[in-house]
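Here's a quick briefing on a two-chain model, meant to be read with the structure open. Have a look first, then we'll get into it.

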Amino acid sequence: MSLIQQALPAFLIGARNTLIYCFVSFPLALLLGLLLALMRSSRVAWFSSPAKIFIEVMRGTPIITQIFLIYYGIGAVLAVYNLSTIDNAWTAGIAVLALNYAAYEAEVYRAGFLSVEHGQTEAALSLGMTSGQNFFRIVLPQAIPLMIPPFVNDFIYMLKDSAIVYVISGTELTSVLQQWVFTHSSTPIPLYALAIVLYLLMSLPTSYVARWYERRLRAAL
Amino acid sequence: MQQTMTGVEPRTRSWLPVINALYYVVLAVAVLGFGYYLYRNLDLITLYLPFLLQAAGTTIGITVVSMVLAMIFGFIGALGRLSRFAPSRAIATVYVEVVRGTPILVQLLLWYFGIGQLLSKLGFDPYNLAFNFMTIFQSNSLVPIIFSAFFYGIIGLSFNYGAYLTEVFRAGIESVNKGQTEAALSLGMNSRQTMRHIVLPQAIRITIPPFTNYFITLVQDSALLSVLGVTELEQTIGSFAYPLLNPNQKLFVFILGAMIYFAICYPISLLARLLEGRFARAYQITGDKADMLTTDMLTSDMLGKQVVSFSEDEGNNK
């Protein structure tokens, strides 16, 4: 169909932008998530309490509320100080995706750390290792293989959640889709079908890799 | 001796309780400061809060209706996934994979701007139907003009969550030991009786905990209906915030809205954790892993096994 052929280049650029959003935000989310998890597991209330509050708030509010708050709310305040150049769809989108997913990754990290038997930590500490040595040499290497499936799943969720930047006029696949739908409102369904196919091409292979890895992991355990 | 009775732990620093106490003092001051911030914007609160609370009621109503419809879709989907009839298995699998592989925002836009426009061209208009229906009760002015957006938005949400609930129901049904089904059948029950008296009561124990998580994510995803123009909480927040010129007031309205969402979702998440603590025995895992399962979903092959891993079957919001 010629409509799909016309739309395909723009849609592919949109898909590329989706992948850019995700490949930039996800590592940020992983790093921030590790930091949050370490803070949350600390016995010092100065670290654990703000981390808990951050995680609860990020998980308790919708991502669309967060992106409106950051793009329009904080953007309006930034405009007063002539800093509005740092407030565009890219930075706001990446910031919201990274912060929101950091909260979820922190829970995955914490679960991974708890899944390593406490007996390992007890043995390490009774052998004279410090907590830090215990963490990096004993707990973390055993936790990482268990945490990879949820991380890959969260990456797939982020691929889908990146569509949220449509509401702040981003240049992601959904924004391109709606642009084309509004200019070709007589036949929108082929455009939706094309966008759905592109999203499936991005998410299905990743989910099959995740399931394959998880099957191998469970067999090894 | 006392020392061998306690667990091995790092040396506790003696100044830790003092530091923690100091933190809680600072936290109390910060909370008071936030209360003062609310007090400074009291005029905005008294102006907007009633409308925001009304819209929050709409949001909860949308969530409840969508959840009920999603359970229906999910049940049909699970029966399809588990059916012996290959075409219905194929249709159900395509439904689950496609719906879970695409963003919910795209699906909502498809339902309203794609399928809705198509159906209205073919003569099916939800607003007119609702209007004519409510005329019988002489209350057709109760039907909002954007009723079509409500209609397709709720269908879109239910369709999406139905795919996730399909996997939850399938996992629950498959988690019941096959031996139970075999025993029931060998005792002379037919498969409908087996399902009703043996399988489903045990499956429900597995499926209840994820529901509270789905409810929370559904509340958050209902905010996406604002894109269709539905007057629920997020749309109301936006409509109040955009005309404000003072950036501090604008930011405050967004923060107020986020607080209302948090006030809805946080108690439910506490309830979810409570329920999971009670149902944790069904998973035969420790309490900590039950906490893990709040963030992730379970596949059918994972349930009933000692090793818990989290694969796709969505959960939170995430």
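Where does α5(B) bend, and by about how many degrees? The bend is at B:Leu110 and comes to about 35 degrees. Keep in mind that this is a predicted model; the predictor gives the complex an ipTM of 0.90 and a pTM of 0.84.

**Helix α5 of chain B**
- Even with that bend of about 35 degrees, α5(B) reaches 24 Å from its first C-alpha to its last over 18 residues, close to the 26 Å expected at 1.5 Å a residue.

**The nonpolar core**
- The largest nonpolar core has 123 residues, and B:Leu105, B:Leu108, B:Phe254, A:Ile67, A:Ile164, A:Leu177 and A:Ala195 are those with the most contacts inside it.
- Helix α7 (residues 147-175) of chain B gives the most to this core, at 15 residues.
- Skipping neighbours within four places in sequence, B:Leu108 touches B:Gly153, B:Gly156, B:Leu224, B:Leu225, B:Val227 and B:Leu228.
- As general background, nonpolar side chains in soluble globular proteins tend to be buried together.

**Where the chains meet**
- On the interface, 54 residues of chain B are in contact with 62 residues of chain A.
- On the chain B side, α2 (16-40), α4 (86-101), α5 (104-121), α10 (233-241), α11 (247-283) and α12 (287-295) each supply at least two residues.
- The largest share of that side comes from α11(B), with 13 residues.
- Sorted by class, the side of chain B that touches chain A has 31 nonpolar, 14 polar and nine charged residues.

**Chain B overall**
- Chain B is built from 12 helices and has zero strands.
- Of its 318 residues, 40% count as buried.
- Among contacts in chain B with a separation of 6 or more, 69% are between residues 24 or more positions apart.

- The average pLDDT of chain B is 82, and 83% of the residues score at least 70.
- Confidence is highest in α4(B), at a mean of 94, and lowest in α12(B), at 36.
- The pLDDT is below 50 over residues 283-318 of chain B, yet this stretch has 93 contacts in the model beyond near neighbours in sequence.

**Backbone details in chain A**
- Helix α1 (residues 2-40) of chain A has 39 residues and reaches 54 Å from first C-alpha to last, close to the 57 Å expected at 1.5 Å a residue.
- This helix, α1(A), bends by about 45 degrees at A:Leu8, and the proline A:Pro9 follows within four residues.
- A:Asn82 isn't a glycine, but its phi is positive, at about 55 degrees; look for A:Asn82 in the loop between α3 (63-80) and α4 (89-115) of chain A.
- A:Asn82 counts as exposed because it has 7 C-beta neighbours inside 10 Å.
- A:Ser169, also not a glycine, has a positive phi of about 60 degrees, and A:Ser169 is in the loop between α6 (131-161) and α7 of chain A.
- A:Ser169 has 12 other C-beta atoms within 10 Å, so A:Ser169 is exposed.

Definitions and conventions: Residues numbered from 1 in each chain as written. Chains lettered and ligands numbered in written order. Predicted model: local features only at pLDDT ≥ 70, side-chain atom pairs only at ≥ 80, totals over all residues. Contact = placed C-beta atoms within 7 Å. Nonpolar A, V, L, I, M, F, W, Y, C, P; charged D, E, K, R; others polar. Expected span 1.5 Å × (residues − 1). Bend = angle between axes of the 7 residues up to and from the residue. Buried ≥ 20, exposed ≤ 12 C-beta atoms within 10 Å, placed from the backbone. pLDDT = per-residue confidence, 0-100. Core = buried A, V, L, I, M, F, W, Y, C linked by C-beta atoms within 7 Å.
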